[in-house]
Amino acid sequence: MSAQPDHAPVTPYAPAPGAPAELLTQLRADARADSWVPAFERQWAAALEESRRTFSLAALYEVVQEWQGLIASAPAVDAFVASGYDDTDFIDMAELRGRCR
């Protein structure tokens, strides 16, 4: 018999115990710290509350994984923006939805 209850999803990703603190240090060192740190802290607080309510670490793991991906992809995004990308073919989906009503 398994020690895990049937209703508890198995989380395939489990970050290191110090991952949230390391993320926060990286976010504070980034040029976008003014917007990123409060956003991370809001998401972390919400995930922590959900974790307390559900007795699951899944929401906390998701926040860590999402922000690790954001930090990892930031240099590529910066390089793309700095390259002078052409966004003249951009489609404003909000405007398009307004036309369909």
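Modeller: Take Trp67, which lies in helix 3. The model is a predicted one. Trp67 has a relative accessibility of 5%, so it counts as buried, the cut-off being under 20%.

What is Trp67 in contact with, once neighbours within four places in sequence are set aside? The list is Leu23, Leu27, Trp36, Ala39, Phe40 and Gln43. Leu23 and Leu27 are also among the residues of helix 1 that meet helix 3. Trp67 and Leu24 are 43 residues apart along the chain, yet their C-alpha atoms are separated by 9.5 Å.

Now the helix pair. Two packed helices are described by the angle between their axes and the distance between the axes. Helix 1 covers residues 19-29 and helix 3 covers residues 58-82. Their axes come within 10 Å. They cross at roughly 35°. The crossing is left-handed. From helix 1, the residues that take part are Ala19, Pro20, Leu23, Gln26 and Leu27. From helix 3, they are Val64, Trp67, Gln68 and Ile71. By type, this contact has seven nonpolar residues, two polar ones and no charged ones.

Next, helix 1 itself. Its buried residues are Ala19, Pro20, Leu23, Leu24 and Leu27.

Ala14 is 51 residues away along the chain, and the C-alpha to C-alpha distance is 8.9 Å.

Then helix 2, residues 33-54. Ser51 lies in this helix. At 11% relative accessibility, Ser51 is another residue that counts as buried. Beyond neighbours within four places in sequence, Ser51 is in contact with Ser56, Leu57 and Leu60.

The loop between helix 2 and helix 3 holds Phe55. Is Phe55 buried or exposed? It is exposed, because its relative accessibility is 77% and the cut-off is over 50%. The backbone of Phe55 deserves a check as well. Its phi is near 60°, a positive value in a residue other than glycine.

Finally, the setting. The chain has four helices and zero strands. Along the sequence the pattern reads α-α-α-α. Of its 101 residues, 20% count as buried; Trp67 is one of the residues that do. Among contacts with a separation of 6 or more, 53% join residues 24 or more positions apart. The accessible surface of the chain is about 7900 Å², and carbon and sulfur atoms hold 58% of that area.

In short, Trp67 is a buried residue of helix 3. It touches Leu23 and Leu27, among others. Both of these leucines belong to the buried set of helix 1.

Technical notes
Residues numbered from 1 in each chain as written. Predicted model: local features only at pLDDT ≥ 70, side-chain atom pairs only at ≥ 80, totals over all residues. Heavy atoms only, no water. Helix = DSSP H or I, 4+ residues; strand = E, 2+ residues; numbered from the N terminus. Buried < 20%, exposed > 50% of the residue type's maximum accessible area, 1.4 Å probe, protein only. Contact = heavy atoms within 4.5 Å. Areas by Shrake-Rupley, 256 points an atom, 1.4 Å probe, with all protein chains shown as cover. Axes fitted to C-alpha atoms, helices over the stretch in contact; angles between N-to-C directions. Left-handed = near helix turned anticlockwise from the far one by under 90°. Nonpolar A, V, L, I, M, F, W, Y, C, P; charged D, E, K, R; others polar.
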